[in-house]
Amino acid sequence: MSEDSAEKVVVIGSGPAGWTAAIYAARANLSPLVFEGRPKQSPSLELPGGQLMLTTEVENYPGFSEGVDGPAMMLEFRKQAERFDTRIRTEDIVKVDFSQRPFSLTPDEGEPSKAHAVIVATGAMANWLGLPNEQRLAQSGGGVSACAICDGALPIFRGKVLVVFGGGDSAMEESTYLSKFASKVHVIHRRDQLRASKTMQQRVFDNPKIEIVWDTVGVDILGDDKVTGVRLRNVKTDEERTLDCQGVFMAIGHTPNTAFLEGQLELDKKKYIKLTDPFHTCTSVEGVFAAGDVADSVYRQAVTAAGMGCKAAIDAERWLAAKGVE
Ligand code: NAP
């Protein structure tokens, strides 16, 4: 493939960050190509459209006063990108070579692609426990979620008994947040010590609505259409019991989708892409930009991801202009 046939900008990923980057890049006449990824067998792992494809209702994205269905919202993002002549390939990028210019990108099937600039927006996956009925109840909107900030304020959880799995800062933050709506929150932790920072722990200890269940792991989530309880096992006594509840939240960490970037881009110790400047989306390789959860372990919101996608497209546009690629 000759250098002339190289794309001006390729976007990898199709969540709020990827589509927003594509919309901005397309409107800047950069004719972006988006590798949107391929649906995986287990929807809990990855879908084109990112984590919002697993969310039932999004109530905190500004502009939707009545809330919006997550997958429907991603379809709108995609349609908006297409309206401005974004080209889309439903393939996964499995390998990149950022050591030569133009960069080369290898999909799992189909022709490799060359690009002068690349925006990585492949997101992060919430970790799940892998309990037998977890995904069934998560995908049916039955009351299992991996994002309390996204879903916790939904009517099905208000005034209810809720369970949060995890012992880190996310579990503390999410149980504290949920306690505003729930009648009671049980934090289930597998050890007798929390991983969370002391301040966050103290906030939980001081909250009369939150109870920590120590040394305990999940065995299954119970319920036909809606969650009715969790089956738990104490790891010290091996005793099993059922705890009645109406909602279950996973807060056991996230894994950024960066495996295909190993050795090509600088990653932090948790494998998130390192940004070289907090006000821009530049990575350790000039001409490669990153947006959304793949470079943000802190906020992880659809609206912050979309904002970063916008920044990445503007950063790429300016960088390409400075290099004379227009
Ligand atoms: P984390 O710190 O990695 O904690 C994950 C928790 O889940 C740990 O308590 C871990 O147990 C538990 N866990 C992991 N896998 C499990 C499994 N298979 N079964 C049962 N339990 C499991 O993740 P995080 O809480 O999402 O935090 C990620 C990063 O973001 C951290 O650096 C955190 O400080 C930061 N953060 C900060 C804030 C804030 O400051 N406001 C809020 C949220 C997150 P073990 O402890 O036994 O390993």
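Predicted model: local features only at pLDDT ≥ 70, side-chain atom pairs only at ≥ 80, totals over all residues.
Residues are numbered from 1 along each chain as its sequence is written. Local features need pLDDT of at least 70, side-chain atom pairs count only at pLDDT 80 or more, totals for chains, interfaces and linings use all residues, and side-chain values use heavy atoms, leaving out hydrogens and water.

**Two domains**

The chain is divided into domain 1 (3-125 + 254-322) and domain 2 (128-250); these bounds come from an automatic or database domain assignment. Their centres, taken over C-alpha atoms, are 31 Å apart. The contact (heavy atoms within 4.5 Å) takes residues from both sides.

| Domain | Residues in the contact |
|---|---|
| Domain 1 | 9 residues |
| Domain 2 | 11 residues |

Together the domains bury about 890 Å², 49% of it on carbon and sulfur atoms. Buried area is the accessible area (1.4 Å probe) that two parts lose on being put together, summed over both. Between the domains there are 0 salt bridges (a side-chain nitrogen of Lys or Arg within 4 Å of a carboxyl oxygen of Asp or Glu).

**Thr281**

Thr281 is in the loop between strand E18 (254-256) and strand E19 (288-290). Strands are DSSP runs of at least two E residues, numbered from the N terminus. Thr281 has a relative accessible area of 1%, so it is buried (under 20%, with a 1.4 Å probe and protein chains only). Not counting residues up to four places away in sequence, Thr281 touches several residues, among them Leu275, Phe289 and Met308. Asp315 is also one of those touched.

Conventions: Helix = DSSP H or I, 4+ residues; strand = E, 2+ residues; numbered from the N terminus. Buried < 20%, exposed > 50% of the residue type's maximum accessible area, 1.4 Å probe, protein only.
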